[in-house]
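Subject: Structure for you to look at

Hello,

Please find the structure below, followed by notes on what was found in it. Keep it open while you read.

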Amino acid sequence: MPTEKLDAVVVGAGLAGLAAAYRLAEAGRQVLVLERGDAPGSKNVTGGRMYVEPIRTYLPAIVDEAPFERHVVKEMITMLDDESSVHIEYTQDKWRKTPYMSYTVLRARFDQWFSERVMEKGGFVIPNRRVDELLWEDGRVAGVRAGGEEIGAHVVIAADGALSFLAEKANLRQPLKPASYALAMKEIHKIDEKVIEERFGVESGEGVANLYVGALTKGMFGGGFLYTNQDTLSLGIVIGIDSLMQKRPQIEAYTLMDDFKARPEVNRWIRGSELKEYAAHIISEAGVNGVAGLCTDGMLVAGDAAGFALNTGITVRGMEFAVASGAIAGEVANEALEKGDTSKATLARYETRLRESFVLKDMETFRHSKEVLENPRLFTVYPKFLSSLLDVLFTVSATPKKGLYKSAKEVARKYVLNWEGMKDFLSLRKL
Amino acid sequence: MSDKTKTKKPEKIEEKIALNAIKNDRESHIRLDQAICKNCKERFCVYACPGHLYAVSDETGEMVVEYAGCLECGTCKIACVYGSVLWEYPKGDYGVQYRYG
């Protein structure tokens, strides 16, 4: 056991870890961030888009100067049936003016930049170091072992991502369950930025987000996404692991991407582009029920490692939670170091602070969103209903047309005006 | 007809993975318990892996995983509810290095 101890060791140079280190370094603490990748960000994947308003107060300097891709000015939702689709586009002038509400992000670039800001504040970020074990001393966490080296610390901040081996080793959470996680697959498509602006109808610096729901997941829980970056597109599918396991006949997850890309509703955006990268990552879908134990003696857990992620169907959020929880963890760790007491009792202030913040407040508000969203009818019946409804309204054929109201009623009866539909409607109250 | 108007042909999954920057260790970071795999009917790993890296070997009949193409998502570890997949992160210096992320 090393006798010399650092103030703090942060495991993982993602958003949570870097935010924690930034705060600690700012407060003049010796802080070391250990990152297993070649560089901060090289193991990290986002969809993705970051909503900046919630975190502006936590790290204003970061929000104001960060290398974001494009600010989102247009929200699109595409509901796919097998051979038809309904596309909704929503925009408002306010989104085109500063302060912008949300930005698309690529993590390799973003995290590298963020780590440089941490180092400017006096923190150390060391890449190529995988943390293998926690060091224990009298029943409390006292540092980490990384690549044969023992590094002592008064406080360890586990920001080691959604798979968080450290939280598991510290008995702060159970092994991960299929029902609580989704698999995300993502492709990066390179495309000229002028083409992006023409194709999506946006100005320089502006971007769009497109969510897809329906036939692409073949009845399974999940959906698709497309985000415009500066000169690339992020295109992907998220699929519930449990849902994938229950699917019969079984489907190989990776094949969903090919079918998705073959759809004209997707091809229209990516045609002529060049595939550059293929990534995958898991996302917690358990909401507040999936939140791990947040601290123990000598250790705090932040970001994805703690289970901070929230899918409300329309907005999918994780990065703001990572930044805010990391910043709060850094502040609480600093206060504990000030007191010379990093016991669980003192570090428990972290949970209180999170409960006062949007992190646990939002997660608490949307406690039941998973129950509502995992309803398979959302991915099958409703997209089909909308497509069929528009089909009867728009179609002109050789046979005389029935009255519109009568046709619409027939379609609605078939799909939604039934007991199941009523139950679904009532379940929306949980959101 | 120009390339731009044609629907793209899907890339093979191996070709997609080959686009990634990956530094391979000689040792696998994924170990399988063949005694468990032998009795498994569902082969969840095969269906869940986004890299299509799991397959039953024609020669030995054993489950094998091409760890070198691993995207490090951990889905196989979660999906293998029988506990055969012993999965850890590749050692520092190794594995996929996302250039976009």
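Of the 431 residues in chain A, 59% are buried (under 20% relative accessible area; exposed means over 50% and partly exposed lies in between, with a 1.4 Å probe and protein chains only). This is a predicted model, in which local features need pLDDT of at least 70 and side-chain atom pairs count only at pLDDT 80 or more, while totals for chains, interfaces and linings use all residues. Residues are numbered from 1 along each chain as its sequence is written, chains are lettered from A and ligands numbered from 1 in the order in which they are written, and side-chain values use heavy atoms, with hydrogens and water left out.

Overall form of chain A

Chain A has 17 helices and 19 strands (DSSP runs numbered from the N terminus: H or I of at least four residues for helices, E of at least two for strands). Its radius of gyration is 23 Å, close to the 22 Å from the globule rule for 431 residues, so chain A is as compact as a globular protein of that length. That radius is taken over C-alpha atoms, and the rule is 2.2 Å times the number of residues to the power 0.38. Along the principal axes, the C-alpha atoms of chain A fill a box of roughly 90 × 45 × 40 Å. Of the contacts (heavy atoms within 4.5 Å) in chain A between residues at least 6 apart in sequence, 73% join residues at least 24 apart.

Nonpolar cores

A nonpolar core is a set of buried Ala, Val, Leu, Ile, Met, Phe, Trp, Tyr and Cys residues joined through side-chain atoms within 4.5 Å. The largest one has 81 residues, and A:F308 and A:Y350 are among those with the most contacts inside it. Helix α10 (residues 319-339) of chain A gives the largest share of this core, 12 residues. Beyond its neighbours within four places in sequence, A:Y350 has contacts that include A:L294, A:F308, A:I328 and A:V332. A second, separate core has 67 residues, including A:L80, A:L176, B:I17 and B:M63.

Salt bridges

Over all chains there are 44 salt bridges (a side-chain nitrogen of Lys or Arg within 4 Å of a carboxyl oxygen of Asp or Glu). Which parts does the bridge between A:E75 and A:R49 tie together? A:E75 is in strand β4 (residues 71-80) and A:R49 in strand β3 (residues 49-51), so the pair ties together parts of chain A that are 26 residues apart in sequence. The N to O distance in this bridge is 2.8 Å, and A:R49 is buried at 7% relative accessible area.

Another bridge links B:K16 and A:E187 at 2.6 Å, N to O. B:K16 is in helix α1 (residues 13-18) of chain B and A:E187 in strand β11 (residues 181-190) of chain A, so this pair joins two chains. B:K16 is buried, with a relative accessible area of 1%, and A:E187 is buried with 0%.

Surface

The accessible surface of chain A is about 17,500 Å², 53% of it from carbon and sulfur atoms (Shrake-Rupley method with a 1.4 Å probe; for residues, only the protein chains shown count as cover). A:W419, A:M422, A:F425, A:L426, A:L428 and A:L431 make up a nonpolar surface patch with about 630 Å² of accessible area together. Patches are made of residues with over 30% relative accessible area and no salt bridge, with nonpolar side chains (Val, Leu, Ile, Met, Phe, Trp, Tyr) joined within 5 Å and like charges within 9 Å. A:W419 lies in helix α17 (residues 419-427) of chain A and is exposed at 58%.

Regards
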